[in-house]
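Subject: Handover of a structure and notes on it

Dear colleague,

Please find below the structure I promised to pass on to you.

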Amino acid sequence: METLENILAAAIRSGTPLLFATLGEIITERSGILNLGLEGLMLIGAIFGFIAAYTLQNVYLAFILAMVAGALFSLIHAFVTISLRANQTVSGLALTMLGTGVSGMIGRNYIGQVAPKFSKIDLPLLSKIPLIGKVFFSHDVLVYVSYILVAVTSYFLFKTRLGMNLRAVGEEPAAADSAGINVFLTRYFATIIGGALTAAGGAYLSLAYTSMWIENMSAGRGWIAIALVIFSMWEPYKAMIGSYLFGGIMALQLRLQAEGKINISSNLLMMLPYLTTLIVMIVFSFNEKFRKRVGAPSALGIPYSREEKT
Amino acid sequence: MILYLLELKNITKRFPGNLLALDNVNFNLKPGEVHTLLGENGAGKTTLMNILFGLYKHDKGEILIEGKKVNITSPASAITHGVGMVQQHFTLVPSFSVAENIILGLKKTGRFKIDLRNVVKRIKELSDLYNMNIDPNAKVWQLSVSEKQKVEILKVLYEEAKIIIFDEPTAVLTPQESESLFQAIDMMKNNGKGIIFISHKLKEVIRVSDRVTVLKNGRIVGTLDKGNLDENELAKMMVGRDFLFNIKKTPANPGKEVLKVENLVVKNDKDILAVKGLSLTIREGEILGIAGVTGNGQRELAESIAGLRKVENGKIKFYNLDITNTSVKRRLKLGIAYVPQDRKETATCPNLSVAENLFIRQKNKVRILNKKEMLRNSKKLIKKYSIIANNEKQPIKFLSGGNMQKVVLAREFELSPKLIIVEHPTRGLDVQAMEFVYNSLIDARNNGAAILLLAGDLDEVFTVSDRVAIIFEGRIMGYVEPEQSKVDEVGLMMAGVALEA
Amino acid sequence: MLHLKLKIEKRLEHFKYENFLISVVSLIISLVIMGIFIWINTGNFADVVETYKELFTWPFFPELGLVDTILKMIPLALIALGLLVVFKMKVWNIGAEGQLYLGAMATTWGALFLFKNMSNSISMITLLLIFGAIAGALWALIPAILKAFLKLDEIVTTLMLNYIAVYWLNYLIYGPWKDPKGFNFPLTAVFPKNSWLPELGDTGIHIGIIITFILVFVTYFIMYKTHLGFELKIIGDNPKAARYSGISIEKNLIIAMIFSGALAGLAGSIQVLGVQHRLQHGFSTGYGYTAIIVAWLARLNPFSAVIVAFLFGGLLVGGEQLQIVMRFPISMISALQGLILFSLLASEAIFKYRIKITKNDPIKIGGEFNGNT
């Protein structure tokens, strides 16, 4: 019983960085912009968050600064793809390379250092519920923030005017444009918010999941988040389920490694999340809804230009 | 008392390449009138309206609304100034509901949270007032083409626009649907709105307008009042010469049966049946025109015969050979040519050169390319079809619509086809280019090819065809002779009314 | 009075040397930005000068790093050649790194176990190279099939396969294939001498370079002289037009991915047979990723790809040198690569427009244009 509780709680914790990044990418893609730079943005979030926490000794401020850094880096992607209408795939790859490189460069002096981290807060009453309490309500504050963020994102996308505009821009930019919505501004907004949330996911790694900086510590989570966006059919609540499932696999893998009870090489265990992603993609592809990409914004990846729309 | 609702003064607009799209254009509109902009394709009508609606920026000139100079920089500011536009290509989000589409971008329905209840009520009122019968909660992708247009109109009315632009609204309607649109326009006029109506169809212009201004090559030719409207006069002003096409059409002399379609069933992109048990035959030396409102299965019919779309049921026979669901390659070999409706999206590769585009569809593929021969051939074709391009190596995207279409036609005709499927061959072309296309089709027919012509425009079908079939919801409703007197009959069949033989 | 008006408009034609200029401009832009970054970071402009002096001299002089540069050029060029074929049809094979790993692993398997006693050096090497190419091709075939038949996005699948390949290799060299006499380092035993790629004289450069040059011509021929290359071009420009022309996108996708994977696998094979002579941890410094930029900067031209690969080989060697001399982190190279790619995208976009100064002069009237479509 206790083991199950621990594993599930660990699934939530290791799913949280995925959740932040997936939510961010859902917002970005809903506006029609594909940002494949998540891996780089997570690393940017992780290193800037870590440096800020180390220097300022304040994790909250550090977390916010990490998001600002993510927003600024995603601004490059926004400029290149929205204003210059360049290829979104290539720009995303460039962002990943840049993020990986820059985080490695500026993080070099911080390897082996320890910064303050978010501490665990048991939520009063809620954490006392059997099983559920331990699993869901006995975490650091960022996990609770991510719960709220799922609800907020969903409400924002489907119930508010701005969210409706954003979806319209991702579906039919020409229609949105002639309805008087600023397509460019909306896409900039979505890309920057998405970048900030992705960086938040990275900052979770260095400020809550651990309290240190390790080069390339995102270890492919950014790419997994891109797959999660597809699995979740661009819906925040489904993203939550997907993130925790993959978080669970990562947690399980770490646990098996740590216990050493099973005689499998750690290198083979480490393949697990990536292998699972592949297998889930394949299995999902036999589902008609998934194959037809239900929920995918129709204008995803297509640059918009008014003069050329004829 | 303000005399003019809208005044456009000395509007000038240049497009890249120094093309003068609009040259010192003046235009005005009174409340409660329909002022038509008449001109052929490329005359600058849509460009002028896109400027008024804030989609394009003009280089020179000013816009006055109710006597005050305004600066319209975007559709949003146009809407604030009371300008609404029912666009030629619908600007609706398919996955949204009617109500969501209507309030899209409007600020007065709540800045933050969306509350659709009042919106739905108001849409119902407007829909009833103008006899439109639209359910505000329906999703737009479920609607027919004419219903989508009604949503566009409701959107403009909901915005309480004072100036309403209709950009070629009847292109997608049956004659009967057009008439009910005109009635709605009359009502809007009587409610004090100013209507700008854009068209190149003379009959409907005379039916609906209070004043007509003719635009040609970006310049105003003249303005006529309701009392002076005359079809011939307008045609002369619009084209600059007598409107009659110079077409050498002789009576058809049909030979052997080329194409036989039996009980064809085909699905559209949304997996819904689009062609439902359709049968037809075409013989050598015959043009069969298909008339119908866009979206009644024409595209799916054409694509299934060309081999681009799966046939669910039924048979397609070519000289009695079953070619149902065979590959495009095989059909190319047999001599089936296809001119799709969207030359930019399907028929050409924008970044490839004119020469390469002349070469993408080949009867017999060679493994190793012979570039020299390819270039030599292209030069020949460019001359033969008088294609205007800098040279054969120019990317095709830099060519004008008419020349692009000539490239497509040249390529397909050079296959020496026995069957040619043509969809909307003259969309966006000027009169000279249209004439060229029609004559090329008739020449091919005279040389023994069987031609299936799918056009949106009744005039086109009547000009070129030897027989006319009317399509409605994926079935043939009946056949008529291509005579002008049959228009009403055709219109009824286009709307799905079966006629006694 | 003369009015001068500044206008930005779209170019209606490409001009000569456009591709070359775009690449050069973007390289310069990214070097300038990188220079500024170093300047800020170290606070010393002399460091910038020193860095670039090192970066531009060391890798390109024979007595210094030239041989190293050429050795790094070989895998970069090979992978890039494969990539430009798939990129031409706008398929994003990001999995070259994994395909490279598979090539190296298969070759190692052959060299250490399957054919270790082969006496004929030429047939052994040929066999091992083919082995590596096939392994890379098969690894690339997985995402190709998933894309062709299940419509799965190749970017995500190829990346997942990269991670799997990396851990697979790690598993082998930390586990079953570890050299018992290797002092517990993660590496295999040295391959039998028979399998080593011969050197060209005593230059220190193995015959992989000849294979590379042959493949440049092969790739050029495929892309520009065959109908297959023409079909890839059509698919890349407009898949709908390809279908309309009777071209099978699925078939071409699979052929192109196999070619691309085979070349990456071959690069892995050549790398272990020609340079390390064993399989070891970190045998690739991200060649599969760097080659993506090489292919793009070469504007998908096979001959340019070799030149760009040479420059990037130099960049990698220079980076290693800077690590020693200036104590720069190796991640600087990754950052610089990201910058180059961004500058490339930006200059590509900017070259589509031109700034025009117009006077108030008469302008030709009318002409056919397409305002209503």
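Confidence

Please bear in mind throughout that this is a predicted model. Its scores are ipTM 0.88 and pTM 0.86. For chain C, the average pLDDT is 86, and 90% of the residues reach at least 70. One stretch calls for caution: over residues 360–373 of chain C, pLDDT stays under 50. For that stretch the model has 40 contacts beyond four places in sequence.

Chain C

Chain C has 13 helices and two strands. Along the principal axes, its C-alpha atoms fill a box of roughly 85 × 60 × 35 Å. Of the 373 residues in chain C, 52% are buried. Among contacts in chain C with a separation of 6 or more, 79% are between residues 24 or more positions apart.

The chain is divided into two domains: domain 1 of chain C takes in 1–32 + 340–373, and domain 2 of chain C covers 64–305. Where they meet, five residues of domain 1 are in contact with four residues of domain 2. On the domain 1 side, the elements that give two or more residues are helix H1 (18–42) and helix H13 (331–350) of chain C.

C:Leu273 belongs to helix H10 (residues 249–276) of chain C. Why does C:Leu273 count as buried? The reason is that 27 other C-beta atoms lie within 10 Å of C:Leu273, where the cut-off for a buried residue is 20 or more. Leaving aside residues up to four places away in sequence, C:Leu273 touches C:Thr107, C:Ile125, C:Leu128, C:Ser195, C:Trp196 and C:Leu197. As for C:Thr285, that residue is 12 residues from C:Leu273 in sequence and 16 Å from it in space, C-alpha to C-alpha.

Contacts between chains

Between chains A and C, 39 residues of chain A are in contact with 38 residues of chain C. The elements giving two or more residues to the chain A side are helix H3 (59–83), helix H4 (88–107), helix H10 (221–231), helix H12 (266–270) and helix H13 (272–284) of chain A. H4(A) gives the most, with 13 residues. The chain A side consists of 24 nonpolar, 12 polar and three charged residues.

The contact between chains B and A takes 19 residues from chain B and 17 residues from chain A. On the chain B side, the largest share is the three residues that come from helix H2 (residues 75–80) of chain B. This side of chain B has 10 nonpolar, six polar and three charged residues.

Chain B

Chain B contains an open sheet of four strands in the order E2-E1-E4-E5, with antiparallel pairing. The edge strands, each pairing on one side only, are strand E2 (19–29) and strand E5 (68–70) of chain B. Direction ignored, neighbouring strands of this sheet are turned by 30 degrees against each other on average. Strand E4 (residues 60–65) of chain B is joined to E5(B) by three bridges, and the two run antiparallel. B:Ile65 has B:Lys68 in E5(B) as its bridge partner. Across E1 (6–15), E2 and E4 of chain B lies helix H1 (residues 45–52) of chain B, which runs at about 115 degrees to E1(B).

Which strands run parallel to E18(B)? Strand E13 (residues 286–291) of chain B is joined to E18(B) by five bridges and runs parallel to it, with B:Gly289 opposite B:Leu453. Strand E17 (residues 419–423) of chain B is likewise joined to E18(B) by five bridges in parallel, and here B:Leu419 stands opposite B:Ala450.

With kind regards

Note on methods: Residues numbered from 1 in each chain as written. Chains lettered and ligands numbered in written order. Predicted model: local features only at pLDDT ≥ 70, side-chain atom pairs only at ≥ 80, totals over all residues. Domains from an automatic or database assignment. Contact = placed C-beta atoms within 7 Å. Pairing = 2+ DSSP bridges. Axes fitted to C-alpha atoms, helices over the stretch in contact; angles between N-to-C directions. pLDDT = per-residue confidence, 0-100. Buried ≥ 20, exposed ≤ 12 C-beta atoms within 10 Å, placed from the backbone. Nonpolar A, V, L, I, M, F, W, Y, C, P; charged D, E, K, R; others polar.
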